[in-house]
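Hello,

Here is the structure I promised to pass on to you. Please have a look at it, and then read on for what I found.

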Amino acid sequence: MNPSGGPAVAAAEFSSGISAADRRPLVALAGPPNSGKSTLFNALTGLRQRVANYPGVTVERRSGFAELPSGSVEVTDLPGIHGLSPRSPDQSVARDVLLGRLEGGRVPDAVVLVLDVTRLSPHLMIAEPVLELGLPTLVVLTMADEMDKGDGALRVRALSRDLGVEVALVDARSSAALEPVRRFLEALCTGGEEVRACPVAAVAKSAADSPQGRTLPVIDLFAARRERARALSRSAGFLAPRPSRVTQRLDALFLHRIAGPLVFLAVVVFVFQAIFAWAVPLMDGAEAVIAASGRYVAGLLPEGWFRSLLIDGVWAGVGSVVVFLPQILILFFFIAVLEDSGYMARAAVIADRLMHRIGLQGESFLPLLSAYACAVPAVMAARTVENERDRLATIFIAPFMTCSARLPVYALLIAAFVPAEPLLGPFLGLRSAVLFGLYGLGLVAAFGTAAILKGTLLKSRPAPFVMELPPYRRPTVRSIATRLLDRAKIFLRRAGKIILSVAVVLWILTQVPRSAEGGPPDIGDSALGWMGHVIEPAIEPLGFDWRIGIGLVTSLAAREVIVGTLGTIYGVESQDDTSFELQAALQRDLDLGEAVGLLVFFVFALQCMSTVAVMRRETGGWRWPVLQFGYMLVLAYAGAWAANALL
Amino acid sequence: MSGTGGVARKGIDRMLADVPLEEEVVLVRIDLVGEDLEPLLERGIVPGCRVCPVRHAPAGSPTVYRVDGALVALRRETASCLCVRSALEAAGLLDPN
């Protein structure tokens, strides 16, 4: 950035080795969150994009190819940043990519810096360290529509002259927005003169972001940077647009003392209802399709172990992966709409007081709520929590929320052991009260765990809660569709593999050793049955025998599987949780303390490989899921033991 | 790194958390250090900037402030670390523009 605000010195023409035919130029899209960066990225790359994690961190790497007349350019969408100091994983990654420490050691051939023109001065502060890198840069100022509406003004040429790089003012959502970017990329491909390196000589070498340079207090560096940014804005005749009326009016409603929490509650109930109830027909439909296609394929194959492997192992495994998709897609649809419209930030402000009490932030509310439907989409949704420690804490406590897969287990055991008696007249029955108590127990465990985590492993001084409230905007179909597609791909590729493998391994365990006739053994004689016997001594203090042991092992595939397994073991034909035969069998085998112990075990234990798989993906390693599994197992064991001892 | 950046004057200066809604003030000093400081600085909340509380969250905290054309929510604890001066009084002491 030019400190004097005067004309920049002649820019060095861009020339580099990118003309090598075997290498496509790499362009980094950088900028703060909510600046329209991802909208531009999606428009540039279309569906030719990939999402993965950067190695060793949980920051997502989105990259794709922009096709141009003279070739294609690799575009990488950096995480949204407020600066280049490595204070958060997002900013470290952005910084490392720009410095050529990631992306296979390649320094980007150019940078497209996307800034919100309505916030020109603060965003020019963000621009300064990026421009100082001296890479060929195009500054794209978005929100041109807001400038027009609010009678803002800016002399783009003057700003371009002062910054020494090309500047374009666009509405990121219009198709015309792509033109200057494509022109810039085209020039990059052909090595044209239009692409100039940022004139480093004219740049004030700010030391704020280089560790060696921390001689001045950081606050003074930023104050100086702010002055330079304001000088640039002034010199370019910048007049900020009037604040949006729509935003003011909507905030008056959404943050109103009474109406605000009511709207919040309505939104929350709506999302909850959608993932809890409306997803069910889709999930049933997906299961029915998998089952029907399985039957069809089974009909084509001769009977034998191969057919069983394919249908009972692989097909069923695929089914247990696909069944999560409707909930994931519905939840992410709402998250995308809420985030893109600007409401999510308001919801976080409303929920912040409550979440602050357990050491978390307002952003954790929606992931935790959605965990009541299923922890798998909830863990993925924790990505909306910006602070890394709070995000991990959110992921860690999400599986304590009573997910829908626990309900069949609760329903079976409550029906078998809790009499259908009224507790508070017609208002509350004993069974409902017990169910409510189980939900409450999970919540207490979650909040207690959050408090413990934030006091130990994830200890951090309470970070200042600084949340920007973007103006309200209409979400675009394209942005929502891209996000849904991203989540579906990530889930199927990463978690899907693990879930499928577990399903196949569990199938194998029921198939060996073969019976005397060469067929599959009875479940009690199978390797799985053997595992049940092996863990029996460990679960004996809880009052569980090998049969429950097998159920606990199979329920790792999904909690509700224990119902079917117990049905098989007890030789009950109808294997659902309303089966009176199964209830009677359990009543014979378990006393009240043991039954409550089993319920408590399911409240606490992480009996869900899908959650473990998705945690591994979202935390970037096995450390957290293993710790989580162990911690929840210990809690479950202790809880079940206590229930046994007390009742 | 220290939380300086301006000279506080007794009697004139208040904490941002105590400023009533719709009163525009100028930030004088930030009583935070290191990691806590940077998220504020990066968003342009720097001594000399104008801040105006616009709305409290229904629970009373956080409060939404208008800073440099953007809306930023800060918790009461954070706003209690930001020392401010009324924009009118600051006009002679600092140059907010």
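This is a predicted model: local features need pLDDT of at least 70, side-chain atom pairs count only at pLDDT 80 or more; totals for chains, interfaces and linings use all residues.

**Strand β5 of chain B**

Since five of the five residues of β5(B) are buried, the strand is largely enclosed by the rest of the structure.

**The sheet around it**

What lies on either side of β5(B) in the sheet? The open sheet has seven strands, in the order β10(A)-β5(B)-β4(B)-β3(B)-β2(B)-β6(B)-β1(B), and the pairing is antiparallel. β5(B) therefore has β10(A) on one side and β4(B) on the other. At the edges stand β10 of chain A and β1 (14-15) of chain B; each has a single partner strand, so one side of each is left without a neighbour in the sheet.

On the chain A side, strand β10 (residues 466-469) is joined to β5(B) by four bridges, and the two run antiparallel. Leu469(A) has Leu71(B) as its bridge partner, while Met467(A) stands opposite Ala73(B).

On the chain B side, strand β4 (residues 63-67) pairs with β5(B) in the antiparallel sense over five bridges. Here Val64(B) is the bridge partner of Ala73(B). The hairpin of β4(B) and β5(B) has two residues between the strands, and in it Asp68(B) takes a positive phi near 50°.

Further along the sheet, strand β2 (residues 25-30) and strand β6 (residues 82-86) of chain B pair in the antiparallel sense, again over five bridges. In that pair, Ile30(B) stands opposite Leu82(B).

**Where the chains meet**

The contact between the chains takes 37 residues from chain B and 35 residues from chain A. On the chain B side, α1 (34-42), β5 (70-74) and α2 (76-79) each supply at least two residues. The largest share of that side, eight residues, comes from α1(B). By type, the residues of chain B that touch chain A divide into 19 nonpolar, nine polar and nine charged.

In soluble globular proteins, nonpolar side chains tend to be buried together. The largest nonpolar core in this model has 156 residues, and those with the most contacts inside it are Ala375(A), Val379(A), Ala398(A), Leu598(A), Leu599(A) and Val84(B). Helix α11 (residues 325-341) of chain A gives the most to this core, with 10 residues. Apart from it lies another core, of 62 residues, which includes Ala30(A), Ala110(A), Ala127(A) and Met143(A).

Leaving out residues up to four places away in sequence, Val84(B) touches Asp13(B), Arg14(B), Leu16(B), Val19(B), Val25(B), Val26(B), Leu27(B), Val28(B) and Val51(B).

**Chain A as a whole**

Chain A has 25 helices and 10 strands. Its C-alpha trace spans about 90 × 60 × 45 Å along the principal axes. A compact globule of 647 residues would have a radius of gyration near 26 Å, and the 29 Å of chain A agrees with that. Of the 647 residues, 48% count as buried. Among contacts between residues at least 6 apart in sequence, 72% join residues at least 24 apart.

Is α20 (residues 546-554) of chain A enclosed or open? Nine of its nine residues are buried, so helix α20(A) is largely enclosed by the rest of the structure. Val626(A) and Asp591(A) are 35 residues apart in sequence and 32 Å apart in space, C-alpha to C-alpha.

**Where to be careful**

The mean pLDDT of chain A is 84, and 90% of its residues reach 70 or more. In two stretches, though, the confidence is under 50: residues 1-22 of chain A, for which the model has 47 contacts beyond four places in sequence, and residues 200-214 of chain A, for which it has 32 such contacts.

Best wishes

Methods. Residues are numbered from 1 along each chain as its sequence is written. Chains are lettered from A and ligands numbered from 1 in the order in which they are written. A residue is buried if 20 or more other C-beta atoms lie within 10 Å of its own, exposed if 12 or fewer, and partly exposed in between; C-beta atoms are placed from the backbone. Two residues are in contact if their C-beta atoms, placed from the backbone, lie within 7 Å. Ala, Val, Leu, Ile, Met, Phe, Trp, Tyr, Cys and Pro count as nonpolar, Asp, Glu, Lys and Arg as charged, and the others, Gly among them, as polar. Two strands pair if DSSP finds at least two bridges between them. A nonpolar core is a set of buried Ala, Val, Leu, Ile, Met, Phe, Trp, Tyr and Cys residues joined through C-beta atoms within 7 Å. The radius of gyration is taken over C-alpha atoms; the globule rule is 2.2 Å times the number of residues to the power 0.38. pLDDT is the predictor's confidence in each residue, from 0 to 100.
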